[in-house]
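This briefing goes through one protein chain, topic by topic. Please keep the sequence and the structure in view while reading.

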Amino acid sequence: MKNIVVRIIGITIIGFSMCVMLPTFAGTWRDDFEDNYTQEWKIFNHVRQDEKWWINDDEAVGEIFKLGFMSLWLTGDLKWEYYSVSCKAKLVKDSNEPPTIGLTLHDRGWEDSRYLFFIDYIIDTARIVRATFNDWLMMPFPFVPEEDTWYQLTATVFEDGTLEFRIQNLDAELDTDPQVFTAFDPDPLPGGQAGLVVADARARFDDVEITGDNIPNGGPGRRTPRAVAPQAKLTTTWAKLKMK
């Protein structure tokens, strides 16, 4: 499947918004990677030898070191829409290029339409991206991540176009509330698959949970859903970017 360019240039401010809300959940799909079962996951990329995904110590591991490209590991259905994805994620190795890890929602594969929620370890930002063919709209937020540190990532696409990204440091010495970032898309992308994202790095993921009104109860994992409480949100401006 298709490589997706990470390195991006050109910025034009086009607007901003913020919103505080929680979705109503009807079903939950889970995978805790404890059974080494990966048949419900698929790599989205043309050149499979440039990347790999596997299970190790009951965790998913994703790796790609091809300059300027990211790898997506997808699950679910193109009919899934307006849902939430949460997981634990940790960067464990990076190359000399900016590594990123994160999530993709409403991912339509070949149609080049998706939302990306990721952490950039070089530029020290969290980002929410509306990505379509040759047209990426990005909202960067100040965020200073640490390597070899577990983060709880939660990304949500709401029906009204609100996009929310929560990041919580699970290895902090003191309990910390998640940092919450939001954006607003006045023309929401159609629904699609969900997945994990890694670029110029090796990263580990665990305890994936996908929840939403039209998400089926299922998946390889069978765990109790985690409660998510609202926090104050930080917003910034959308930036229009073109891929290099």
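Gly219 sits in the loop between S17 and strand S18 (233-234). The model is predicted.

**Gly219 and its surroundings**

- Gly219 counts as buried because its relative accessibility is 12%, and buried means under 20%.
- Leaving aside residues up to four places away in sequence, Gly219 touches Trp29, Arg30 and Glu40.
- Thr75 is 144 residues from Gly219 in sequence, while the C-alpha atoms of the two are 9.6 Å apart in space.

**The chain as a whole**

- The protein chain has 19 strands and 0 helices.
- The chain has 244 residues, and 54% of them count as buried.
- Among contacts with a separation of 6 or more, 72% are between residues 24 or more positions apart.
- The accessible surface of the chain is about 10,900 Å², and carbon and sulfur atoms make up 50% of that surface.

**Salt bridges**

- How many salt bridges does the structure hold? The structure holds 12 salt bridges.
- One of them joins the side chains of Glu59 and Arg204, with 2.5 Å from N to O. This pair links distant parts of the chain, since Glu59 belongs to strand S6 (residues 59-64) and Arg204 to strand S17 (residues 201-212), 145 residues apart.
- Glu59 has a relative accessibility of 16%, so Glu59 counts as buried. Arg204 is buried too, with a relative accessible area of 14%.
- The side chains of Arg202 and Glu63 also form a salt bridge, at 2.5 Å from N to O. Because Arg202 lies in strand S17 and Glu63 in strand S6, this pair ties together parts that are 139 residues apart in sequence.
- Is Arg202 buried or partly exposed? Arg202 is partly exposed, with a relative accessible area of 27%.
- Another salt bridge brings together the side chains of Arg166 and Glu164, with 2.8 Å from N to O. Both Arg166 and Glu164 are buried.

**A patch of negative charge**

- Which residues gather in a patch of negative charge on the surface? They are Glu34, Asp35, Asp57 and Asp58.
- Glu34 is found in the loop between strand S3 (27-31) and strand S4 (42-44). Glu34 counts as exposed because its relative accessibility is 55%, and exposed means over 50%.
- Asp58, in the patch as well, is placed in the loop between strand S5 (51-56) and S6. Its relative accessibility of 40% is why Asp58 counts as partly exposed.

**Positive phi angles**

- Asp58 has a phi near 60 degrees, which is a positive value in a residue other than glycine.
- Asp207 is also a residue other than glycine with a positive phi, near 50 degrees.
- Where does Asp207 lie? Asp207 lies in strand S17, the strand that also holds Arg204.
- Asp207 has a relative accessibility of 15%, so Asp207 counts as buried, whereas Asp58 counts as partly exposed.

Terms used: Residues numbered from 1 in each chain as written. Predicted model: local features only at pLDDT ≥ 70, side-chain atom pairs only at ≥ 80, totals over all residues. Heavy atoms only, no water. Patch = residues over 30% accessible without salt bridge, like charges linked within 9 Å, V, L, I, M, F, W, Y side chains within 5 Å. Areas by Shrake-Rupley, 256 points an atom, 1.4 Å probe, with all protein chains shown as cover. Salt bridge = Lys/Arg side-chain N within 4 Å of Asp/Glu carboxyl O. Lys, Arg positive; Asp, Glu negative; His and termini not counted. Charge placed at Lys NZ, Arg CZ, Asp CG, Glu CD. Helix = DSSP H or I, 4+ residues; strand = E, 2+ residues; numbered from the N terminus. Buried < 20%, exposed > 50% of the residue type's maximum accessible area, 1.4 Å probe, protein only. Contact = heavy atoms within 4.5 Å.
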